[in-house]
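Please prepare a briefing on the structure shown below.

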Amino acid sequence: MVVLVALSAGIYAAVLIPFKGLVLIPGITEIRPANTLPPVLGLLFGPAGAWGSAIGNLIGDFFGTLGIGSIFGFIGNFMQAYIPYRLWRNLGLLKADDLEPNLNSGRKIFAYTVVALLGSFACALTIGWGLDLLKMVPFAALASIIAVNNSIPSIVLGIPLLMILYPRVKKWNLLWTDIMEEDEISKPDAKARIAALITSLAILVGLFGGLMAAVAGGQSLFAAGFAGGKAGLASVGFIAGFSTIIFILASLL
Amino acid sequence: MEMFLYMDKDSILHKLDPRTKIFIMLISFAIALMFSSLSLLLILSFLVILYGALGKVLSNLKRIRVILIMIAIMSVILWALTYPGTTRLWGPVTKEGIIYGIAIGIKFDVMIIAGMIFLSSTKIEEISLGLVKLGIPYRPAFAFSTAVRLVPMIVSTSYIITQAQKSRGLDLDTGNILQRIKKYIPLLIPVLISVIRQANILAMALESKGFGYSDKRTSYLEIKFEVRDYAFLAVALLILIVAVYFKFKYRL
């Protein structure tokens with residue numbers, strides 16, 4: 001498992017680093033085609049892929065953006081891989097007898113799109129809330145940019161990437177279901193389904209509720225958000241912060 | 001190809017315990033975050049540069065200069081156009097916006113320079129051991145240091161595969177930026193598969209050496225706090241206390 005963590009982290013960092021110069025928000029984020037990887041790594045390698053995404057992002061930060069935001073980047077990138085891993089089996093979008101992440105049907109591609117989007121939103125919510133709390137960047141600007149910046153590559157490139165990588169990883173017995181002990185693999189039962197629903201709901205409420213509260217408080221979306229008002233609104237802090245805590249706790253259940 | 005920032009120098013900074021350098025880096029982050037005043041951020045920049053000079057690692061600034069300049073320029077442009085100031089200079093650009101943009105650019109740059117100084121004066125093994133001594137479990141620390149070592153290997157693999165495809169006629173040098181990025185995407189697959197294949201070999205090597213046999217591990221590299229560590233920490237804490245005092249006393 002530790003090798004898969006290192007491998008995931010190494011791959012993620014290696015794809016992140018060449019794009020460090022293409023800055024979107026100074027010192028915070030850049031154009032990131034590497035965001036294709038976290039949901040794919042999460043679905044293939046499970047928790048190892050999630051830890052790998054978190055560590056890989058931290059290593060990427062070493063090449064120019066290491067700062068206090070790296071703490072929230074660590075958690076956010078962990079969640080971008082961990083949420084798809086947790087929700088894939090538990091959200092109830094797939095048939096119970098076929099949970100393999102091989103994207104061999106329209107249903108599975110739809111499920112992948114949903115979990116990858118929720119993972120991207122979870123990452124945007126965590127980092128957006130954290131840096132707004134520190135009064136570094138307004139929530140509306142940062143969360144909207146990260147949500148779009150993460151979602152597009154993770155869906156457009158993530159689907160073909162997972163289709164190509166799955167058969168090889170399966171053949172080498174490196175899927176998380178092949179590596180983890182039987183009793184460590186959670187069963188998609190009623191408790192897991194409820195936890196998955198709470199996780200999804202908290203992510204959506206946190207991100208879109210937080211964005212609405214931010215806009216109502218004078219912030220604006222995307223680049224215009226820099227003019228919409230200063231970061232650190234109490235309403236955003238409450239909605240986004242509370243939802244972040246809820247979705248993290250629910251996803252760990 | 002030298003990817004990492006570490007510089008092997010004989011300096012007092014290199015001799016410090018990695019935990020001391022982690023604490024100093026975090027303190028510089030905290031102070032940078034506390035203020036948006038241009039003059040105070042310039043004082044902090046001076047202190048951070050002085051700290052870097054002690055480690056003889058400031059020549060590494062050349063390697064990250066593009067990132068630092070991009071951040072500064074983007075910050076000034078963004079804030080000059082959008083900051084709600086009153087002294088209009090040209091169109092939406094205000095004097096307050098430009099000053100705020102410069103201050104925010106310096107704030108981010110000073111944090112990045114503090115991170116660069118830490119990485120330039122601390123080996124990956126020292127960072128890993130420092131994290132373990134700070135209470136991080138060994139496995140995540142090992143995964144971190146292994147991942148850092150894997151990055152150059154992955155880059156080297158991708159370079160070999162790119163050269164191989166070029167020798168077969170793949171044209172990666174023409175077209176606009178988007179077309180060129182698009183051409184690189186198919187190269188990602190053989191790189192990923194090659195790297196994943198090597199993970200199996202690494203796992204077997206670790207197994208054969210008894211990785212995870214015992215929770216109590218010894219380390220070839222030993223670190224401990226010396227007088228100089230306490231001295232550096234005392235100065236850093238003093239600066240933090242002064243910064244907090246000014247923050248609350250004068251509402252800076």
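**An enclosed helix beside open and closed spaces**

In helix 4 of chain A, 19 of the 22 residues are buried, so this helix is largely enclosed by the rest of the structure. Buried means under 20% relative accessible area, with exposed over 50% and partly exposed in between (1.4 Å probe, protein chains only). The model is predicted: local features need pLDDT of at least 70, side-chain atom pairs count only at pLDDT 80 or more, and totals for chains, interfaces and linings use all residues. Residues are numbered from 1 along each chain as its sequence is written, chains are lettered from A and ligands numbered from 1 in the order in which they are written, and side-chain values use heavy atoms, leaving out hydrogens and water.

**Helix 4 of chain A**

- Helices (H or I, at least four residues) and strands (E, at least two) are DSSP runs, numbered from the N terminus.
- Helix 4 of chain A reaches 31 Å from its first C-alpha to its last, close to the expected 32 Å; the expected span is 1.5 Å times one less than the number of residues.
- This helix bends by about 25° at A:Gln80, and A:Pro84, a proline, follows within four residues. The bend is the angle between axes fitted to the seven residues ending at a residue and the seven starting there.
- Just after helix 4 of chain A, A:Gly92 has a positive phi of about 85°.

**Pockets**

- On a 1 Å grid over the protein atoms alone, a pocket is an open set of points with protein on both sides within 12 Å along at least five of seven lines, a cavity is a set where a 1.4 Å probe fits but cannot get out, and lining residues have an atom within 4 Å of a point.
- The largest pocket holds about 1400 Å³ of space, a volume being the space filled by probe spheres set on the grid points, which are joined across faces, edges and corners.
- Helix 8 of chain B gives the most to the lining of this pocket, with 12 residues.
- The second largest pocket has a volume of about 900 Å³, and A:Phe74 and B:Leu131 are among the residues nearest its centre.

**Cavities**

- The structure holds seven cavities of 30 Å³ or more, and the largest cavity contains about 280 Å³ of space.
- Helix 4 of chain A supplies the largest share of the lining of the largest cavity, four residues.
- Among the 27 lining residues of the largest cavity, those nearest its centre include A:Asp61 and A:Gly69.
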